[in-house]
Amino acid sequence: FKRPTDPPEYYHLYGIPAAGALSVYTAGSMSGSYPEIDTAAATLSGLLCIGGIGGLASQDTARLGAVSGQAGVALGVASTLG
């Protein structure tokens, strides 16, 4: 339901921070030299999930809230399985 007067949206750029966080976690986890990276990733995933819930409170920030919540869940799953 996009109107012609709506500003351009750059959805493909929303995944860059999530991909960056997951790649840093993967590199740190595989190197073995950072034993507390699982705890840091779990904390960051919790903050992202809470921020996502806060972002869903308004229609202006709902898309960013949904993306940050999804990134938090992905990072939480990765830190749990990793």
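This is a predicted model: local features need pLDDT of at least 70, side-chain atom pairs count only at pLDDT 80 or more; totals for chains, interfaces and linings use all residues.
User: How do you know whether α1 and α3 are roughly parallel or roughly antiparallel?

Analyst: The axes of α1 and α3 (residues 62-81) come within 10 Å and cross at roughly 10 degrees, where axes are lines fitted to C-alpha atoms, for helices over the stretch in contact, and angles run from 0 to 180 degrees between N-to-C directions. Angles under 35 degrees count as roughly parallel, over 145 as roughly antiparallel, 65 to 115 as roughly perpendicular and the rest as oblique, so α1 is roughly parallel to α3.

User: Which residues of α1 and α3 meet, and how do they divide into nonpolar, polar and charged?

Analyst: On the α1 side, Ala18, Ala21, Leu22 and Tyr25 meet Ala71, Ala74, Leu75, Ala78 and Ser79 of α3, contact meaning heavy atoms within 4.5 Å. These divide into eight nonpolar, one polar and no charged, with Ala, Val, Leu, Ile, Met, Phe, Trp, Tyr, Cys and Pro counted as nonpolar, Asp, Glu, Lys and Arg as charged, and the others, Gly among them, as polar.

User: How is α1 oriented against α2, roughly parallel or roughly antiparallel?

Analyst: Helix α1 (residues 15-31) and helix α2 (residues 37-55) have axes that come within 10 Å and cross at roughly 165 degrees, which means that α1 is roughly antiparallel to α2. The crossing of α1 and α2 is left-handed. The contact is made by Ala21, Val24, Tyr25, Gly28 and Ser29 of α1 with Ile37, Asp38, Ala41 and Leu44 of α2, and its residues divide into six nonpolar, two polar and one charged.

User: How does the radius of gyration of the protein chain stand against a compact globule of 82 residues?

Analyst: Such a globule would have a radius of gyration near 12 Å, but the protein chain has 15 Å, the value being taken over C-alpha atoms and the globule rule being 2.2 Å times the number of residues to the power 0.38. The C-alpha trace spans about 50 × 20 × 15 Å along its principal axes.

User: Which conventions apply to numbering, pLDDT and side-chain values?

Analyst: Residues are numbered from 1 along each chain as its sequence is written, and side-chain values use heavy atoms, with hydrogens and water left out. Local features need pLDDT of at least 70 and side-chain atom pairs count only at pLDDT 80 or more, whereas totals for chains, interfaces and linings use all residues.

Technical notes:
Helices (H or I, at least four residues) and strands (E, at least two) are DSSP runs, numbered from the N terminus. A crossing is left-handed if the near helix is turned anticlockwise from the far one by less than a right angle, and right-handed if clockwise.
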